Amino acid sequence: MSTRQMAIMFDESIQMVDLHTQYRRLKPEIDTAIQSVLNQSAFINGPQVQAFADHLAAYVGIPHVIPCANGTDALQVALMALGLQAGDEVIVPAFTYVAAAEAVAMLGMTPVLVDVDPYTFNINPEKVEHAISRQTKAIIAVHLFGQCADMEPILRIGTKYNLVVIEDNAQSIGAQYTFRNGTVKQAGTIGHVGTTSFFPSKPLACYGDGGAMMTSDEKLAQQLKMVASHGQSTKYHHQVVGCNSRLDTIQAAILDVKLKYLSGFTQKRIEIASEYDRSLSSIEEIIIPRVASFSTHVYHQYTIQVKNGKRDALREYLKQKGIPTMVYYPASLERQPAFRGLARKVDHMPVALQLPEKVLSIPIHTELKEEMVDYIVDHIRRFFR
């Protein structure tokens, strides 16, 4: 089915992420917020930046949120502020987006790759302890696709070996982690520092680049602010070597509007995921996403696993029907040329090596209509008949 035919059928084509329709829905508030910045002309560090940081801190229940330019910068600044040095080792999941390992390598450190859970796709805590050496100084737990990695055992390992724990929460803001004693914390607020991204496709998204760091440690918060601002304690007084990583005021104003709708956005994605679960769970050749007992899921992606080597054929079939899909991610970090000779691995990582051959993400976003969901699941079911 052509894009034009799809547009006629649904008044618009099915998209992986529909930013334009969401903007139209929020247009009056967003336009007003942007115009306010233009009127004030405080484009860098305007009052909207701190207002957004305060509101996000209240949302996730943590004292300190430090905005920055993007999610990768957030990881790099966190590593620098925590005092890690070139030659240190940092444990990262082998199946994830490149940013965590990239930030480690950019600072002259060594990414240490460990395998992931076959159903949640998150770092496997059982594999983490085996990867620790005398050079290991930190663990980066990536909360992938919308739910938390299992933080309690990771924190226990961190305490045992005196390691700092960083959460890469770019894809799972709003997810909640429940400890064994019943304590509940928001993703990104559990380790020493959490990082996130506001890239346009993310659960909380701006209309450009943006990111943030969050922590409960006041001293660390000041260090994060300083590193992100050229190492300045006060203007023109540079205490450490830092970088230049700022969230611009227009993006902060947009994010402050969208933050008010984040819970509703999340609920919409959960409803779509529930329909996908109901409709696809009976197909033997598909593994639907599994929600861990310790975490809620905000469904940044709805990622199925397709068995028996049929993933690519299903993807092509859906494309012919006007249904977009994505493969997140087509290769584990172990197989990325950039990390040959840079990363260390301890054990064979069968899950991280096999997932790229199986995973397929299907559309899930706040503007996806019920009839579009029905159309998607109908054609997936038809393919497997």
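The structure is a predicted model, in which local features need pLDDT of at least 70 and side-chain atom pairs count only at pLDDT 80 or more, while totals for chains, interfaces and linings use all residues. Residues are numbered from 1 along each chain as its sequence is written, and side-chain values use heavy atoms, with hydrogens and water left out. Helices (DSSP runs of H or I, at least four residues) and strands (runs of E, at least two) are numbered from the N terminus.

Side chains of opposite charge can pair when their charged atoms come close. The structure holds 14 salt bridges, a salt bridge being a side-chain nitrogen of Lys or Arg within 4 Å of a carboxyl oxygen of Asp or Glu. One of them joins Glu 12 to Lys 369, with 3.0 Å between the closest N and O atoms. Glu 12 lies in the loop between helix 1 (3–10) and helix 2, and Lys 369 in the loop between strand 15 (359–362) and helix 13 (370–383), so this pair ties together parts that are 357 residues apart in sequence. Accessibility is classed as buried (under 20% relative accessible area), exposed (over 50%) or partly exposed (in between), with a 1.4 Å probe and protein chains only. Glu 12 counts as buried at 16%, whereas Lys 369 counts as partly exposed at 26%.

A salt bridge is also formed by Arg 25 and Glu 367, at 2.5 Å from N to O. This pair links distant parts of the chain, with Arg 25 in helix 2 and Glu 367 in the loop between strand 15 and helix 13, 342 residues apart. Arg 25 is partly exposed at 44%, and Glu 367 is buried at 11%.

Within helix 2, Asp 31 and Lys 27 are 4 residues apart and therefore separated by about one helical turn. Their salt bridge has its closest N and O atoms 2.6 Å apart. Asp 31 is partly exposed, with a relative accessible area of 27%, and Lys 27 is partly exposed at 36%. Elsewhere, salt bridges link Asp 150, Glu 152 and Arg 180 in a network.

On the surface, a nonpolar patch consists of Leu 38, Phe 43 and Ile 44, with about 260 Å² of accessible area together. Patches are made of residues with over 30% relative accessible area and no salt bridge, where like charges are joined within 9 Å and nonpolar side chains (Val, Leu, Ile, Met, Phe, Trp, Tyr) within 5 Å. Accessible areas come from the Shrake-Rupley method with a 1.4 Å probe, and for residues only the protein chains shown count as cover. Ile 44 sits in the loop between helix 2 (19–40) and helix 3 (47–60) and is partly exposed at 45%.

Helix 4 (residues 71–81) is largely enclosed by the rest of the structure, because 9 of its 11 residues are buried. Among them are Gly 71, Asp 73, Leu 75 and Val 77. The N-terminal end of helix 4 is capped by Asn 70, which has a side-chain oxygen 3.1 Å from the backbone nitrogen of Thr 72. Just after the helix, Gly 83 has a positive phi of about 85 degrees.

In strand 15, Val 359 and Ser 361 point one way, Leu 360 and Ile 362 point the other way, and all are buried. Strand 13 (residues 302–306) runs antiparallel to strand 15 and is joined to it by 4 bridges; two strands pair if DSSP finds at least two bridges between them. Tyr 302 has Ile 362 of strand 15 as its bridge partner.

Methods:
A polar contact is a pair of N or O atoms within 3.5 Å; within protein, one must be able to donate a hydrogen and the other to accept it, and residues adjacent in sequence count only if both atoms are side-chain atoms.
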